[in-house]
Amino acid sequence: MRFLIGLATVGLLIPFGFSTPEVQEEVTLTISGMGWGSCVSTVRSALQSVTGVKEAKVSLSDEEAVVKYDPDKVKVEDLIEAVKNAQGMSRYSAKVKAAD
């Protein structure tokens with residue numbers, strides 16, 4: 001009985017602005033082709049334009065991007081494709097960074 005009341009309460013809360021927490025994952029991509037500071041902005045913008053990306057941090061010195069995303073809305077392959085299609089001064093490529 002308590003379980004049913006709990007479900008009913010959850011069902012009532014969602015329409016009033018309460019929602020279930022979003023799923024979020026993080027991936028680190030190794031980025032090649034970045035040679036200038038402007039490349040960081042270009043790659044970051046390309047990643048952030050993908051639906052489902054919550055945050056993208058790009059480092060020129062580390063040649064990588066750390067991306068937080070919703071796996072229900074975007075796949076890692078989509079992130080890699082966004083980097084490849086980024087319009088900048090260079091041609092970029094990306095792959096998932098291997099674990100240390």
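# Reading a predicted model by its cut-offs

Tutor: This protein averages a pLDDT of 83, and 76% of the residues score at least 70; pLDDT is the predictor's confidence in each residue, from 0 to 100. The model is predicted, and local features need pLDDT of at least 70, side-chain atom pairs count only at pLDDT 80 or more, while totals for chains, interfaces and linings use all residues. Residues are numbered from 1 along each chain as its sequence is written, and side-chain values use heavy atoms, with hydrogens and water left out.

Student: Over which residues does pLDDT stay under 50?

Tutor: Over residues 1–13. The model has one contact beyond four places in sequence for that stretch, where contact means heavy atoms within 4.5 Å.

Student: What makes residues 53–59 a strand?

Tutor: Residues 53–59 are strand 2 because strands are DSSP runs of E with at least two residues; helices are runs of H or I with at least four, and both are numbered from the N terminus.

Student: How do you know that strand 2 and strand 3 pair?

Tutor: Two strands pair if DSSP finds at least two bridges between them. Strand 2 and strand 3 are joined by six bridges and run antiparallel, so they pair by that rule.

Student: What makes E64 and K97 a salt bridge?

Tutor: The closest N and O atoms of E64 and K97 are 2.9 Å apart. A salt bridge is a side-chain nitrogen of Lys or Arg within 4 Å of a carboxyl oxygen of Asp or Glu, so the pair qualifies. The count by this rule comes to three salt bridges.

Student: Which residues are linked in a network of salt bridges?

Tutor: E55, K57 and K68. K57 and E55 have their closest N and O atoms 3.5 Å apart, and the side chains of E55 and K68 meet at 3.6 Å, N to O. E55 lies in strand 2 and K68 in strand 3, so the pair ties together parts that are 13 residues apart in sequence.

Student: Why does E64 count as buried?

Tutor: Buried means under 20% relative accessible area, exposed over 50%, and partly exposed in between (1.4 Å probe, protein chains only). E64 stands at 14% relative accessibility, so E64 counts as buried.

Student: Is K57 buried or exposed?

Tutor: K57 is exposed, because its relative accessible area is 53%.

Student: Why does E55 count as partly exposed?

Tutor: E55 has 28% relative accessibility, so it falls in the range in between. K68, at 27%, also counts as partly exposed, and K97 does so at 34%.

Student: How do you know that S59 makes a polar contact with D62?

Tutor: The backbone nitrogen of D62 lies 3.1 Å from a polar atom of the side chain of S59. A polar contact is a pair of N or O atoms within 3.5 Å; within protein, one must be able to donate a hydrogen and the other to accept it, and residues adjacent in sequence count only if both atoms are side-chain atoms. Leaving aside neighbours within four places in sequence, S59 is in contact with M34 and E64.
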